[in-house]
Amino acid sequence: KLILLDSLLQETMYTSMSSITETILCFLIMLEPRVAGRFEDCVATGQVVSDVFCLPANYRKDVPPPTSGPLNVFFKLPVTEISEIDDKKSQITIRLAYKIRWPEHRMVLNDSSDWSEGEINVRPDMIEHFWSPDIIIHDLVRFTKPEVLNEVAALEIIRDHSINYKVRSDITIVCKGMLFLQYPMDSHSCFFKLSSYGYDEEKMKLSGKFSYDSSNQRTLSFNVEFKELALDRRHWAGATKNYSVYGMEIVFTRSLTPFILSVYLPTGMFVIMSWVSFFIPADIVQARIVLLITLCLVLINMFNSTTSNIPVASSVTALEIWFLACIFLVFLSLVEYAFILKETVRRKKRGRRKSSTLPLIKKDKQKNSHVLKVQRSQSMNVLPQFEMNYRSSFNHNQDISVKLDNRSRIIFPILFSCFNAGYWIYFLVFTLS
């Protein structure tokens with residue numbers, strides 16, 4: 001009995017399942033002409049009619065599409081190039097194709113259209129009839145769209161009832177927090193962020209992807225790199241609500257090679273040229289003075305012309321530190337020679353004071369010849385002593401200048417080498433890391 005009962009139940013279940021399947025198939029077959037007829041009904045009463053889609057009479061463009069969860073908005077941002085980096089204004093201009101896609105299930109599609117590619121292009125101005133996300137670009141300065149005959153844009157209707165709008169654009173944004181203390185070895189991060197203005201993250205979720213082809217990039221004075229936004233930057237905290245954010249991080253590092261060739265090498269050579277003065281004898285005053293003063297004036301002129309193009313910084317920059325150090329070292333060479341000249345003049349004055357003790361020999365015709373002979377004999381005894389004192393003071397001056405120049409030939413290169421080691425280690429190793 002149990003076996004018979006089990007077989008009867010299995011047969012009944014199989015019969016009921018097959019009947020349900022047949023019922024569903026029949027229902028779908030009955031719906032097929034109604035789906036085709038739905039577009040025809042929309043054409044008769046719809047607001048906007050196209051060969052591809054139709055917006056029904058009850059469509060409201062001020063209301064977002066109804067969804068069970070947050071509305072998913074997808075961005076595709078293929079970056080063509082970084083057009084300009086204005087470090088003085090802390091602005092960056094990006095050239096890209098701004099593409100945005102969102103679902104719109106309220107529109108009625110024409111199934112008889114050619115959906116072989118999954119999407120159909122329509123006139124871009126028809127975007128005005130649809131609801132569109134209220135997307136804002138943070139820290140936006142300008143959003144320009146190029147035009148030839150018409151606006152360079154496209155509107156695609158996707159087979160899955162979604163809209164894809166894309167436009168060619170040049171976007172200029174402000175890069176906040178740009179610091180130039182390490183100029184010209186500075187590196188900056190700029191954030192390109194998109195979010196909704198009125199719909200929080202519970203109503204709208206932003207996502208997407210970006211791409212960057214460096215082969216299309218024009219020559220810049222920066223090395224550019226694109227990164228994904230960090231997780232803590234994918235949410236924007238408003239006054240009372242949190243908003244979903246999508247975007248990318250743009251890291252640009254200034255190229256140091258032009259500054260090495262135009263600033264660091266010439267100024268370093270000028271400092272080394274100032275050491276040539278240590279090999280010029282101290283008594284050749286014009287040669288040493290002209291060399292050192294000329295080098296000092298050239299460095300000051302380069303400092304003024306170069307620093308006039310430096311972006312505004314809150315304190316002294318790395319380039320200014322280099323210039324000031326070079327000017328200071330050349331100035332020290334000038335101070336060293338001024339000290340030598342001062343010692344020489346002081347020794348000469350001391351020698352003149354000693355020479356003032358020499359008896360004056362005057363020929364007095366009224367005095368007898370005996371007196372003249374006595375005075376001449378006294379003067380002849382004093383003259384050798386004065387000459388020895390003058391020569392000894394002159395030799396002493398030469399000894400001081402030679403010793404000071406010999407020491408400067410060692411001290412100044414050591415000072416410049418120590419400064420170079422500390423400068424490049426600090427700004428290239430510790431600061432950048």
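A: **Charged pairs**

E156 counts as buried because its relative accessibility is 5%. The terms work as follows: buried means under 20% relative accessible area, exposed means over 50%, and partly exposed lies in between (1.4 Å probe, protein chains only). This is a predicted model, in which local features need pLDDT of at least 70 and side-chain atom pairs count only at pLDDT 80 or more, while totals for chains, interfaces and linings use all residues. Residues are numbered from 1 along each chain as its sequence is written, and side-chain values use heavy atoms, with hydrogens and water left out.

The partner of E156 is K166: their side chains meet in a salt bridge, at 3.1 Å from N to O. K166 has a relative accessible area of 25%, so K166 is partly exposed. A salt bridge here is a side-chain nitrogen of Lys or Arg within 4 Å of a carboxyl oxygen of Asp or Glu. In general, side chains of opposite charge can pair when their charged atoms come close. The strands and helices named here are DSSP runs, numbered from the N terminus: strands (E) have at least two residues, helices (H or I) at least four.

N121, found in strand β6 (residues 119-122), touches L155 and E156, leaving aside residues up to four places away in sequence. Contact means heavy atoms within 4.5 Å. N121 has 55% relative accessibility and therefore counts as exposed, whereas E156 counts as buried. The C-alpha atoms of N121 and Y165 are separated by 9.9 Å, although these two residues are 44 residues apart along the chain.

Strand β10 takes part in a further pair. The side chains of D170 and R95 meet in a salt bridge, with 2.8 Å from N to O. Here too, distant parts of the chain are linked: D170 belongs to strand β10 (residues 162-174) and R95 to strand β4 (residues 91-103), and the two are 75 residues apart. D170 is buried because its relative accessible area is 14%. R95 has 24%, so R95 is partly exposed.

The side chains of R346 and E343 form a salt bridge at 2.5 Å, N to O. Both residues belong to helix α4 (residues 318-355) and are three residues apart, about one turn of the helix. R346 is partly exposed because its relative accessible area is 34%. E343 has 13% relative accessibility and so counts as buried.

Some salt bridges share partners, and in this way E81, R95, R168, D170 and R218 are joined into one network. The D170 and R95 pair described above has both of its residues in that network. By the salt-bridge rule, the count comes to 17.
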